[in-house]
Amino acid sequence: MRLHFYKYQATGNDFMVVDNRAGNLQLTQEQIARLCHRKFGVGADGLMLIEKHPSLHFHLEYYNSDGSQSLCGNGSRAAVHMAAQLGLLDKAATFQAYDGPHDAELLPTGIIRLRMGDVASHTRHGDDYFIHTGSPHYVRFVDDVKAYPVVDEGRKIRYSDAFKPGGTNVNFVQRLPNNTLFVRTYERGVEDETLSCGTGITAAALAAALKGYSSPVAIKALGGELSVEFTRAGDGSFTNVYLIGPAQCVFEGDVEI
Ligand SMILES: N[C@@H](CCC[C@H](N)C(=O)O)C(=O)O
């Protein structure tokens, strides 16, 4: 069977996106891993299916490159862009993702502004933070993130007893002047560093807010620039959380599955 796909990148986090509104595609974990494999397949950090939803613009199924599922912030932004290309929506989007319903806006600049879930709480692990932003994220502030061994240290935390059995994504964050962060992320389900992770960047911005940063936080990632907006309550909870950044269709094609 030949599968038609769109290849997207959202600040360097890359995805295969498939229009499954007909509902006849079911992929096994092995097929997803093969399609996302950078030597044997198309190559991507994740694969998404855009499907019909009874009352929202679309339903989004997100798979990491190993076939596991969670919320993907960058993937959701890319899916909103593709749903607009498919004519499912104009400038405002509502869709169902892994963690629940989301809305998003396609700004005139082409930037996608995605509403994330509210964040009620966080936990501390020494000087580090654990924040769930639809996906689980560990956040550690470091002095020189460019030189930091992200994969080695990230993998230790990802597989540590504290986060078994599900594991966690791990973000290393450097504070820069002007309310700006540089964020690098080890992603669970990709089992490697990616060029950008939207839910991780959101968690990093909220952790920085707990240290005095204000909304909006400007973000630099290896794959590009984003920003995060939020409203912080006195009890340390967050509402009106938005992940804002670009997404681009790079090519489309067909692949045998
Ligand atoms: N790249 C994503 C996060 C995808 C999910 C994550 N790897 C997990 O399994 O928790 C993003 O942009 O948020």
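Helices (H or I, at least four residues) and strands (E, at least two) are DSSP runs, numbered from the N terminus. By that naming, Pro165 sits in the loop between α3 (150-158) and β11 (169-176). This is a predicted model: local features need pLDDT of at least 70, side-chain atom pairs count only at pLDDT 80 or more, and totals for chains, interfaces and linings use all residues. Residues are numbered from 1 along each chain as its sequence is written, and side-chain values use heavy atoms, with hydrogens and water left out.

**Helix α2**

- Helix α2 covers residues 73-85, and its end C-alpha atoms are 19 Å apart. The expected span is 1.5 Å times one less than the number of residues.
- Twelve of the 13 residues of α2 are buried. Buried means under 20% relative accessible area, exposed over 50%, and partly exposed in between (1.4 Å probe, protein chains only).
- The buried set of α2 includes Gly73, Arg77, His81 and Met82.

**Asn74**

- Asn74 belongs to helix α2. Its relative accessibility is 0%, so Asn74 counts as buried.
- The side chain of Asn74 makes a polar contact with the side chain of Ser196, at 3.0 Å. A polar contact is a pair of N or O atoms within 3.5 Å; within protein, one must be able to donate a hydrogen and the other to accept it, and residues adjacent in sequence count only if both atoms are side-chain atoms.
- Leaving out residues up to four places away in sequence, Asn74 touches Ala10, Thr11, Asn13, Phe15, Ser196, Cys197, Gly198, Leu226 and Leu243. Contact here means heavy atoms within 4.5 Å.

**Nonpolar cores**

- A nonpolar core is a set of buried Ala, Val, Leu, Ile, Met, Phe, Trp, Tyr and Cys residues joined through side-chain atoms within 4.5 Å.
- The largest such core has 54 residues, and Phe58, Leu181 and Ile219 touch the most other members. Helix α4 (residues 198-210) gives the most to this core, with eight residues.
- A second, separate core holds 14 residues, among them Ile32, Cys36, Leu49 and Tyr63.
- Phe58 contacts residues beyond four places in sequence, including Ala79, Val80 and Ala83. Its other partners include Ile50, Leu88, Leu89 and Phe95.

**Phe182**

- Phe182 lies in strand β12 (residues 180-187). At 10% relative accessibility, Phe182 is buried.
- Beyond four places in sequence, Phe182 touches Val145, Lys146, Phe172, Val173, Gln174, Leu176, Lys220, Ala221 and Leu222.
- Phe182 and Phe230 are 48 residues apart in sequence, and their C-alpha atoms are 18 Å apart.

**Ligand surroundings**

- The ligand is surrounded by 16 residues; the closest are Gly73, Asn169, Arg188, Gly198 and Thr199. A residue is near a molecule if one of its heavy atoms lies within 4 Å of it.
- An N or O atom in the side chain of Thr199 is 2.6 Å from an oxygen atom of the ligand.
- For the side chain of Asn64, the distance from an N or O atom to a ligand oxygen atom is 2.8 Å.
- A polar side-chain atom of Ser135 lies 3.3 Å from a ligand oxygen atom.

**Cysteines**

- The whole structure has zero disulfides. A disulfide is a pair of cysteine sulfur atoms within 2.5 Å.
- The closest cysteine sulfur to that of Cys249 is in Cys36, 16 Å away, too far for a bond. Cys249 is partly exposed, at 32% relative accessibility.
- Cys72 is buried, at 6% relative accessible area.

**Backbone geometry**

- Most residues other than glycine have a negative phi, and most peptide bonds are trans.
- The peptide bond from Lys164 to Pro165 is cis, with omega near 5 degrees.
- The bond from Ser215 to Pro216 is also cis, with omega near 0 degrees. Pro216 lies in the loop between α4 and β14 (217-221).
- Thr11 has a positive phi, near 45 degrees. This residue is in the loop between β1 (2-10) and β2 (13-19). Thr11 is buried, at 3% relative accessibility.
- Asn240 has a positive phi of about 50 degrees. Asn240 lies in strand β16 (residues 238-245) and is partly exposed, with a relative accessible area of 32%.
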